[in-house]
Amino acid sequence: MARKKIALVGAGQIGGTLALLAGLKELGDIVLFDIPDFEGVAKGKALDIAEAAPVEGFDASLTGASDYADIAGADVVIVTAGVPRKPGMSRDDLVGINAKVIKAVGAGLKAHAPDAFVIVITNPLDAMVGLMQQVTGFDPAKVVGMAGVLDSARFRHFLADEFKVSVEDVTAFVLGGHGDTMVPSVRYSTVAGIPLPDLVKMGWTTQEKLDQIVQRTRDGGAEIVALLKTGSAFYAPAASAIAMAESYLKDKKRVLPCAAKLTGQYGVDGLYIGVPVIIGAGGVEKIIEIELNAEEKANFEKSVAAVQQLVEVTAKVAG
Ligand code: LMR
């Protein structure tokens, strides 16, 4: 069987990590792409990872490129192009600069990779994935944003740490936009299948502790930015996007929280928002509509309103 082709647009920290993970998981041949000024970085990282392949024992062709023609026929494209925030900035502060980048990348994808499953990581995420879908005109089922998997992974890590249990036994998920208004769901998160509110009743933790973990999850990206000082998180974002790519390429049909284009679900029409979806060979095969209680609904609506506002700003700056 011919190997799949994975194009990674942006050869920065996330791009390099994506290339390594895609190689280790043998997802296919990898093209690491960046603009001509960074072609050397793309080629250097691709060669470096190719030289790690004999040690790790994976087979994949890795190339660096700056010409969109080189991503032709890609099965999956993961977009990290654009700039990360610095300490003190919000993701939304990046809208002006990154909207221009997404417009240019979208034109390249439309011309050279029209059949790809496109995963956007660039911030501000929900607005940028919406812009990507608009610029390419691709089927919304084939254009998704990586955020929920990352936010949920952070939530799971903090919970596993609190309960002193394996991360494998913690399920958690986060709804809404990938901004300060995201909605970590306490009711739908579990340890060994036991919902978090029940763990409070059992005396295993306190509501106050859970509230702190929820807030730390919301601030998860900013916590890393404050520590790194020169950029934002890259290992966990890359791992999250690779989980999405793998589910698509292997038709695993995993249920993953992703920014997907809603068409009436959750009372939202035409916006990309983080919700649980099934990802398989058809891309986003189903949007799962979970029942929200009054408080969750109010928080979700607040998050939708924030995304809507940012989409309006994006429309202005993107022209
Ligand atoms: C993250 O959550 O790590 C990313 O969205 C990057 C950021 O700016 O926080």
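**Exercise 1.** Is Phe 38 buried, partly exposed or exposed?

*Solution.* Before we start: this is a predicted model, where local features need pLDDT of at least 70, side-chain atom pairs count only at pLDDT 80 or more, and totals for chains, interfaces and linings use all residues. Residues are numbered from 1 along each chain as its sequence is written, and side-chain values use heavy atoms, leaving out hydrogens and water.

Step 1: recall that buried means under 20% relative accessible area, exposed over 50%, and partly exposed in between (1.4 Å probe, protein chains only).
Step 2: Phe 38 has 42% relative accessibility, so Phe 38 is partly exposed.

**Exercise 2.** Find where Gly 10 sits, and decide whether Gly 10 is buried or exposed.

*Solution.* Step 1: look in the loop between β1 (5-9) and α1 (13-24); helices (H or I, at least four residues) and strands (E, at least two) are DSSP runs, numbered from the N terminus.
Step 1: the relative accessible area of Gly 10 is 8%, so Gly 10 is buried.
Step 2: beyond its neighbours within four places in sequence, Gly 10 is in contact (heavy atoms within 4.5 Å) with residues including Asp 34 and Thr 80.
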